[in-house]
Amino acid sequence: MMAEGDPGRREEQDGGGVAVEEGRPKLKEPARFAVILHNDDYTTFDFVVEVLTRFFRKTMEEAAQITMKVHHEGHGLAGVFTHDIAETKVVQVTEYAQTMASRSRHGGARLAVFLQARALCAGFAGVHDLRRFRMIGRKAEAVLNRSSVTRSSRNHEYFTLEHVLWSLLDEIDVIDTVRGAGGDPSELRKSLEKHLETRCRRRPATATRPSPSIPSPP
Amino acid sequence: MPKAPRDGDEAKPEHPVATLSIQRLIQRALFHVQSAGKDEIQPLDLFVALYQAKDSHALHLLLAQGVERLDVLNYISHGTRKDVAESRGHR
(Lines give C-alpha, C1' and ligand atoms only; values in the text may rest on other atoms or scores of the structure.)
Protein backbone atom coordinates (compact mmCIF):
# COMPACT_ATOMS: atom_id res chain seq x y z
CA MET A 1 0.00 0.00 0.00
CA MET A 2 2.49 2.54 1.13
CA ALA A 3 5.58 0.48 0.84
CA GLU A 4 7.16 2.23 -2.13
CA GLY A 5 6.93 5.88 -1.26
CA ASP A 6 7.33 5.56 2.44
CA PRO A 7 11.06 5.03 3.05
CA GLY A 8 12.00 8.16 1.11
CA ARG A 9 9.55 10.30 2.97
CA ARG A 10 10.70 8.97 6.29
CA GLU A 11 14.28 9.64 5.37
CA GLU A 12 13.44 13.26 4.70
CA GLN A 13 11.69 13.62 7.98
CA ASP A 14 14.48 11.95 9.92
CA GLY A 15 17.07 14.08 8.26
CA GLY A 16 18.19 11.08 6.21
CA GLY A 17 20.43 8.15 6.81
CA VAL A 18 18.43 6.34 9.43
CA ALA A 19 16.91 3.08 8.28
CA VAL A 20 13.75 2.27 10.16
CA GLU A 21 12.49 -1.26 10.32
CA GLU A 22 9.25 -2.14 11.93
CA GLY A 23 9.75 -4.56 14.80
CA ARG A 24 8.32 -8.03 14.52
CA PRO A 25 5.23 -8.53 16.59
CA LYS A 26 6.36 -9.92 19.89
CA LEU A 27 5.65 -13.57 20.45
CA LYS A 28 3.26 -14.10 23.28
CA GLU A 29 3.27 -17.03 25.65
CA PRO A 30 0.18 -19.16 24.98
CA ALA A 31 -2.75 -18.09 27.13
CA ARG A 32 -3.91 -20.15 30.06
CA PHE A 33 -7.52 -21.13 30.46
CA ALA A 34 -9.64 -21.40 33.55
CA VAL A 35 -12.02 -24.31 34.00
CA ILE A 36 -15.09 -23.05 35.83
CA LEU A 37 -17.84 -25.13 37.34
CA HIS A 38 -21.35 -23.71 37.05
CA ASN A 39 -24.14 -24.37 39.46
CA ASP A 40 -27.28 -26.25 38.54
CA ASP A 41 -30.15 -27.81 40.40
CA TYR A 42 -29.36 -31.44 39.62
CA THR A 43 -25.74 -32.18 40.34
CA THR A 44 -25.16 -33.28 43.90
CA PHE A 45 -22.71 -31.63 46.24
CA ASP A 46 -20.88 -34.89 46.70
CA PHE A 47 -20.46 -35.44 43.02
CA VAL A 48 -18.89 -32.03 42.53
CA VAL A 49 -16.50 -32.72 45.39
CA GLU A 50 -15.63 -36.04 43.82
CA VAL A 51 -14.94 -34.43 40.45
CA LEU A 52 -12.72 -31.82 42.04
CA THR A 53 -10.66 -34.35 43.93
CA ARG A 54 -10.49 -36.87 41.13
CA PHE A 55 -9.84 -34.68 38.11
CA PHE A 56 -8.50 -31.47 39.56
CA ARG A 57 -6.35 -32.88 42.34
CA LYS A 58 -7.96 -30.89 45.10
CA THR A 59 -7.91 -31.98 48.70
CA MET A 60 -11.24 -32.72 50.33
CA GLU A 61 -11.18 -29.34 52.09
CA GLU A 62 -10.37 -27.39 48.94
CA ALA A 63 -12.99 -29.29 47.00
CA ALA A 64 -15.63 -28.61 49.64
CA GLN A 65 -14.77 -24.91 49.63
CA ILE A 66 -15.02 -24.64 45.86
CA THR A 67 -18.28 -26.56 45.86
CA MET A 68 -19.73 -24.19 48.44
CA LYS A 69 -18.66 -21.31 46.27
CA VAL A 70 -20.39 -22.88 43.27
CA HIS A 71 -23.49 -23.38 45.38
CA HIS A 72 -23.63 -19.85 46.73
CA GLU A 73 -22.14 -17.73 43.98
CA GLY A 74 -23.15 -19.77 40.96
CA HIS A 75 -19.67 -20.69 39.81
CA GLY A 76 -16.27 -21.68 41.08
CA LEU A 77 -12.77 -22.08 39.72
CA ALA A 78 -11.60 -25.66 39.31
CA GLY A 79 -8.19 -24.83 37.91
CA VAL A 80 -6.13 -22.99 35.32
CA PHE A 81 -4.42 -24.91 32.53
CA THR A 82 -3.09 -24.70 29.01
CA HIS A 83 -5.83 -24.67 26.39
CA ASP A 84 -5.26 -28.29 25.50
CA ILE A 85 -5.39 -29.63 29.04
CA ALA A 86 -8.30 -27.40 30.07
CA GLU A 87 -10.30 -28.70 27.14
CA THR A 88 -9.36 -32.29 27.84
CA LYS A 89 -10.37 -31.97 31.49
CA VAL A 90 -13.77 -30.57 30.52
CA VAL A 91 -14.41 -33.52 28.24
CA GLN A 92 -13.21 -36.00 30.83
CA VAL A 93 -15.47 -34.57 33.50
CA THR A 94 -18.44 -34.45 31.20
CA GLU A 95 -17.97 -38.03 30.15
CA TYR A 96 -17.51 -39.09 33.72
CA ALA A 97 -20.76 -37.34 34.65
CA GLN A 98 -22.57 -39.07 31.83
CA THR A 99 -21.22 -42.48 32.76
CA MET A 100 -22.20 -41.96 36.34
CA ALA A 101 -25.62 -40.73 35.34
CA SER A 102 -26.26 -43.75 33.21
CA ARG A 103 -25.12 -46.02 35.96
CA SER A 104 -27.35 -43.94 38.19
CA ARG A 105 -25.15 -44.60 41.12
CA HIS A 106 -26.24 -41.30 42.56
CA GLY A 107 -29.67 -42.42 43.61
CA GLY A 108 -31.06 -42.01 40.14
CA ALA A 109 -30.71 -38.27 40.34
CA ARG A 110 -30.52 -36.75 36.94
CA LEU A 111 -27.07 -35.39 36.41
CA ALA A 112 -27.18 -32.44 34.16
CA VAL A 113 -24.16 -31.98 32.04
CA PHE A 114 -22.75 -29.00 33.80
CA LEU A 115 -19.92 -28.35 31.45
CA GLN A 116 -20.26 -27.97 27.76
CA ALA A 117 -18.35 -30.44 25.74
CA ARG A 118 -18.39 -32.42 22.62
CA ALA A 119 -18.93 -36.11 22.85
CA LEU A 120 -15.38 -36.97 22.02
CA CYS A 121 -13.72 -39.96 23.44
CA ALA A 122 -10.20 -38.95 24.24
CA GLY A 123 -7.68 -41.67 24.01
CA PHE A 124 -5.34 -43.37 21.73
CA ALA A 125 -7.83 -45.46 19.85
CA GLY A 126 -7.30 -43.28 16.79
CA VAL A 127 -3.83 -44.55 16.19
CA HIS A 128 -4.78 -48.18 16.39
CA ASP A 129 -7.50 -47.58 13.83
CA LEU A 130 -5.06 -45.82 11.56
CA ARG A 131 -2.64 -48.68 11.83
CA ARG A 132 -5.38 -51.08 10.98
CA PHE A 133 -6.10 -49.15 7.83
CA ARG A 134 -2.41 -48.72 7.12
CA MET A 135 -2.68 -44.96 7.11
CA ILE A 136 0.08 -44.27 9.55
CA GLY A 137 3.64 -44.96 8.53
CA ARG A 138 5.98 -47.03 10.59
CA LYS A 139 8.14 -44.03 11.43
CA ALA A 140 5.27 -41.78 12.43
CA GLU A 141 3.88 -44.54 14.59
CA ALA A 142 7.25 -44.93 16.26
CA VAL A 143 7.28 -41.19 16.93
CA LEU A 144 3.92 -41.37 18.66
CA ASN A 145 4.95 -44.41 20.66
CA ARG A 146 8.13 -42.72 21.80
CA SER A 147 6.16 -39.61 22.79
CA SER A 148 3.87 -41.73 24.86
CA VAL A 149 6.84 -43.40 26.54
CA THR A 150 8.38 -39.98 27.23
CA ARG A 151 5.22 -39.01 29.01
CA SER A 152 5.13 -42.06 31.22
CA SER A 153 8.84 -42.05 32.00
CA ARG A 154 8.55 -38.44 33.13
CA ASN A 155 5.39 -39.35 34.98
CA HIS A 156 3.42 -36.54 33.35
CA GLU A 157 -0.30 -36.47 33.77
CA TYR A 158 -1.07 -36.02 30.09
CA PHE A 159 0.40 -36.92 26.77
CA THR A 160 0.53 -33.63 24.86
CA LEU A 161 1.87 -32.04 21.70
CA GLU A 162 5.10 -31.13 23.46
CA HIS A 163 5.87 -34.82 23.93
CA VAL A 164 5.25 -35.38 20.23
CA LEU A 165 7.55 -32.53 19.29
CA TRP A 166 10.16 -34.00 21.60
CA SER A 167 10.25 -37.30 19.77
CA LEU A 168 9.86 -35.64 16.38
CA LEU A 169 13.21 -34.00 17.08
CA ASP A 170 14.82 -37.44 16.92
CA GLU A 171 13.83 -37.77 13.28
CA ILE A 172 16.44 -36.76 10.78
CA ASP A 173 13.85 -35.29 8.36
CA VAL A 174 12.49 -33.07 11.08
CA ILE A 175 15.93 -31.95 12.25
CA ASP A 176 16.83 -31.03 8.67
CA THR A 177 13.60 -29.14 8.25
CA VAL A 178 14.05 -27.15 11.44
CA ARG A 179 17.53 -26.24 10.31
CA GLY A 180 16.38 -25.43 6.79
CA ALA A 181 13.68 -23.17 8.19
CA GLY A 182 16.26 -21.15 10.08
CA GLY A 183 15.99 -22.78 13.49
CA ASP A 184 18.52 -24.46 15.73
CA PRO A 185 17.37 -27.99 16.59
CA SER A 186 19.52 -28.27 19.70
CA GLU A 187 18.28 -24.93 21.05
CA LEU A 188 14.74 -26.03 20.34
CA ARG A 189 15.35 -29.27 22.18
CA LYS A 190 16.76 -27.36 25.14
CA SER A 191 13.78 -25.05 25.42
CA LEU A 192 11.46 -28.02 25.05
CA GLU A 193 13.31 -29.93 27.73
CA LYS A 194 12.92 -26.96 30.03
CA HIS A 195 9.22 -26.81 29.30
CA LEU A 196 8.71 -30.52 29.91
CA GLU A 197 10.68 -30.46 33.13
CA THR A 198 9.20 -27.34 34.67
CA ARG A 199 5.81 -26.69 33.18
CA CYS A 200 4.17 -30.07 32.90
CA ARG A 201 2.16 -31.34 35.78
CA ARG A 202 3.20 -34.69 37.12
CA ARG A 203 0.93 -37.40 38.29
CA PRO A 204 0.84 -37.56 42.03
CA ALA A 205 3.02 -40.16 43.64
CA THR A 206 1.17 -42.49 45.96
CA ALA A 207 2.25 -40.72 49.12
CA THR A 208 2.54 -37.06 48.17
CA ARG A 209 0.26 -34.91 46.15
CA PRO A 210 1.65 -32.16 43.95
CA SER A 211 0.62 -28.68 44.91
CA PRO A 212 -2.49 -27.67 43.03
CA SER A 213 -1.13 -24.23 42.31
CA ILE A 214 -0.28 -23.19 38.79
CA PRO A 215 3.40 -23.46 37.99
CA SER A 216 4.65 -19.92 37.87
CA PRO A 217 6.17 -18.64 34.65
CA PRO A 218 9.96 -18.86 34.61
CA MET B 1 -20.55 -39.98 48.44
CA PRO B 2 -17.24 -38.48 49.48
CA LYS B 3 -14.33 -40.80 49.17
CA ALA B 4 -11.95 -40.66 52.06
CA PRO B 5 -8.57 -41.99 50.89
CA ARG B 6 -7.75 -41.26 47.30
CA ASP B 7 -4.91 -43.71 47.00
CA GLY B 8 -7.20 -46.53 45.98
CA ASP B 9 -8.67 -44.47 43.15
CA GLU B 10 -5.27 -43.54 41.86
CA ALA B 11 -4.29 -47.11 41.26
CA LYS B 12 -6.71 -47.81 38.44
CA PRO B 13 -6.07 -46.00 35.19
CA GLU B 14 -9.32 -44.17 35.10
CA HIS B 15 -8.87 -41.65 32.37
CA PRO B 16 -7.15 -41.52 29.06
CA VAL B 17 -3.85 -39.72 29.02
CA ALA B 18 -3.66 -38.34 25.50
CA THR B 19 -5.12 -34.87 25.20
CA LEU B 20 -7.60 -33.90 22.52
CA SER B 21 -4.99 -31.98 20.59
CA ILE B 22 -3.12 -35.24 20.02
CA GLN B 23 -6.18 -36.59 18.28
CA ARG B 24 -6.54 -33.46 16.22
CA LEU B 25 -2.87 -33.57 15.29
CA ILE B 26 -3.24 -37.07 13.90
CA GLN B 27 -6.48 -36.18 12.15
CA ARG B 28 -4.91 -33.16 10.49
CA ALA B 29 -1.91 -35.17 9.37
CA LEU B 30 -4.33 -37.74 7.99
CA PHE B 31 -6.37 -35.15 6.07
CA HIS B 32 -3.20 -33.78 4.61
CA VAL B 33 -1.93 -37.18 3.56
CA GLN B 34 -5.26 -38.06 1.97
CA SER B 35 -5.66 -34.81 0.12
CA ALA B 36 -2.07 -34.91 -1.09
CA GLY B 37 -2.61 -38.42 -2.37
CA LYS B 38 0.14 -39.90 -0.26
CA ASP B 39 0.06 -43.38 1.22
CA GLU B 40 0.67 -42.92 4.91
CA ILE B 41 1.49 -40.39 7.60
CA GLN B 42 5.18 -39.62 7.94
CA PRO B 43 6.88 -37.83 10.84
CA LEU B 44 7.09 -34.61 8.81
CA ASP B 45 3.32 -34.64 8.34
CA LEU B 46 2.94 -34.63 12.11
CA PHE B 47 5.47 -31.84 12.36
CA VAL B 48 3.64 -29.62 9.85
CA ALA B 49 0.33 -30.38 11.56
CA LEU B 50 1.76 -28.89 14.77
CA TYR B 51 1.47 -25.48 13.13
CA GLN B 52 -2.29 -25.58 13.42
CA ALA B 53 -2.22 -26.11 17.17
CA LYS B 54 -2.56 -22.42 17.84
CA ASP B 55 -2.55 -22.20 21.60
CA SER B 56 0.06 -24.85 22.24
CA HIS B 57 3.44 -24.45 23.85
CA ALA B 58 4.90 -26.75 21.22
CA LEU B 59 4.09 -24.20 18.53
CA HIS B 60 5.14 -21.35 20.77
CA LEU B 61 8.60 -22.86 21.22
CA LEU B 62 8.94 -23.43 17.48
CA LEU B 63 8.03 -19.85 16.70
CA ALA B 64 10.33 -18.60 19.45
CA GLN B 65 13.11 -20.31 17.50
CA GLY B 66 12.04 -18.37 14.43
CA VAL B 67 10.84 -21.51 12.68
CA GLU B 68 7.79 -20.24 10.82
CA ARG B 69 5.32 -22.41 8.97
CA LEU B 70 6.14 -20.79 5.65
CA ASP B 71 9.86 -21.48 6.10
CA VAL B 72 9.07 -25.09 6.91
CA LEU B 73 6.86 -25.52 3.85
CA ASN B 74 9.40 -23.81 1.62
CA TYR B 75 12.08 -26.16 2.79
CA ILE B 76 9.97 -29.29 2.53
CA SER B 77 8.49 -28.53 -0.88
CA HIS B 78 11.31 -26.69 -2.61
CA GLY B 79 14.38 -27.34 -0.52
CA THR B 80 14.77 -23.59 -0.04
CA ARG B 81 16.82 -22.84 3.03
CA LYS B 82 15.77 -19.80 4.96
CA ASP B 83 19.27 -18.36 5.47
CA VAL B 84 20.09 -18.72 1.76
CA ALA B 85 16.74 -17.28 0.68
CA GLU B 86 17.24 -14.28 2.91
CA SER B 87 20.77 -13.46 1.86
CA ARG B 88 19.81 -13.80 -1.79
CA GLY B 89 16.43 -12.13 -1.68
CA HIS B 90 16.48 -9.32 0.79
CA ARG B 91 20.00 -8.13 1.36
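Mentor: Let us start with Ala63(A), which is found in helix H3 (residues 60-73) of chain A. Helices (H or I, at least four residues) and strands (E, at least two) are DSSP runs, numbered from the N terminus. This is a predicted model, in which local features need pLDDT of at least 70, side-chain atom pairs count only at pLDDT 80 or more, and totals for chains, interfaces and linings use all residues. Residues are numbered from 1 along each chain as its sequence is written, while chains are lettered from A and ligands numbered from 1 in the order in which they are written.

Trainee: Is Ala63(A) buried or exposed?

Mentor: A residue is buried if 20 or more other C-beta atoms lie within 10 Å of its own, exposed if 12 or fewer, and partly exposed in between, with C-beta atoms placed from the backbone. Ala63(A) counts as buried because 22 other C-beta atoms lie within 10 Å.

Trainee: Which residues does Ala63(A) touch, not counting residues up to four places away in sequence?

Mentor: Two residues are in contact if their C-beta atoms, placed from the backbone, lie within 7 Å. On that basis Ala63(A) touches Val49(A), Leu52(A), Thr53(A) and Lys58(A). By contrast, Leu169(A) is 106 residues from Ala63(A) in sequence and 40 Å from it in space, C-alpha to C-alpha.

Trainee: Where do the buried residues of helix H8 of chain A lie around the axis?

Mentor: The buried residues of helix H8 (residues 172-180) of chain A are Val174(A), Thr177(A), Val178(A) and Gly180(A). They lie on the same side of H8(A), because they cover an arc of only 165 degrees around the axis; the arc is that of the directions from the helix axis to the C-beta atoms. Just after H8(A), Gly182(A) takes a positive phi of about 90 degrees.

Trainee: How is chain A built as a whole?

Mentor: Chain A has 9 helices and 2 strands, and its elements run α-β-α-α-β-α-α-α-α-α-α from the N terminus on. It is divided into domain 1 (32-103) and domain 2 (125-198), with bounds that come from an automatic or database domain assignment. The centres of these two domains, taken over C-alpha atoms, are separated by 31 Å.

Trainee: What is the mean pLDDT of chain A?

Mentor: pLDDT is the predictor's confidence in each residue, from 0 to 100. The mean for chain A is 76, and 70% of its residues reach 70 or more. Over residues 105-126 of chain A, pLDDT stays under 50, and it also stays under 50 over residues 206-218.

Trainee: How many helices does chain B have?

Mentor: Chain B has 6 helices and 0 strands. Of its 91 residues, 36% are buried.

Trainee: How many residues of chain B are in contact with chain A?

Mentor: There are 50 such residues in chain B, and they are in contact with 58 residues of chain A. H2(B) gives the largest share of this side of chain B, 8 residues. The residues of this side divide into 27 nonpolar, 10 polar and 13 charged. Here Ala, Val, Leu, Ile, Met, Phe, Trp, Tyr, Cys and Pro count as nonpolar, Asp, Glu, Lys and Arg as charged, and the others, Gly among them, as polar.

Trainee: Which residues have the most contacts inside the largest nonpolar core?

Mentor: A nonpolar core is a set of buried Ala, Val, Leu, Ile, Met, Phe, Trp, Tyr and Cys residues joined through C-beta atoms within 7 Å. The largest has 37 residues, and those with the most contacts inside it are Leu161(A), Val164(A), Leu165(A), Leu25(B), Leu46(B), Leu50(B) and Ala58(B). Apart from this core lies another, of 15 residues, among them Phe47(A), Leu52(A), Ala78(A) and Val91(A).
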